[in-house]
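Please look over the sequence and the model before reading the comments. The points are meant for a reader who is new to protein structures.

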Amino acid sequence: MQAANRLLKALRTGSGLSLGAWQMLPGSNISRIIAPSGFDWVVVDTEHGNIDDGAMYEAVAAIAGCGVSPLVRIAANESWMVKRA
């Protein structure tokens with residue numbers, strides 16, 4: 001996972017710019033379409049998206065497998081939600 005941290009690499013450059021996308025629909029196939037499209041990171045939106053825990057885990061694995069940094073937006077600032085993400 002550390003080798004695939006494109007977001008951290010982009011932030012450490014002189015410009016600090018990165019390009020990302022948001023995934024609000026469940027499905028690892030969607031993740032595999034979005035991730036290799038030239039993005040540094042993809043946010044899996046479990047707050048407003050229709051994504052449950054199982055779909056979130058699959059999406060994160062698919063995004064990381066493409067060498068892109070996965071981020072998870074949780075539904076609320078609750079410790080149990082942070083631990084699940």
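The numbered points below go from the whole fold to a single residue.

1. This is a predicted model, in which local features need pLDDT of at least 70, side-chain atom pairs count only at pLDDT 80 or more, and totals for chains, interfaces and linings use all residues. Residues are numbered from 1 along each chain as its sequence is written, and side-chain values use heavy atoms, with hydrogens and water left out.

2. The protein contains four helices and three strands, arranged along the sequence as α-β-α-β-α-β-α. Helices (H or I, at least four residues) and strands (E, at least two) are DSSP runs, numbered from the N terminus.

3. The radius of gyration, taken over C-alpha atoms, is 13 Å; a compact globule of 85 residues would have a value near 12 Å, so the two agree. The globule rule is 2.2 Å times the number of residues to the power 0.38. Along the principal axes, the C-alpha atoms fill a box of roughly 35 × 30 × 20 Å.

4. Of the 85 residues, 35% count as buried, meaning under 20% relative accessible area, with exposed over 50% and partly exposed in between (1.4 Å probe, protein chains only). Among contacts (heavy atoms within 4.5 Å) between residues at least 6 apart in sequence, 57% join residues at least 24 apart.

5. Where does Thr13 lie? Thr13 is in the loop between α1 (6-12) and β1 (20-23). Thr13 counts as partly exposed because its relative accessibility is 41%. From Thr13 to Ser28 the sequence separation is 15 residues, and their C-alpha atoms are 30 Å apart in space.
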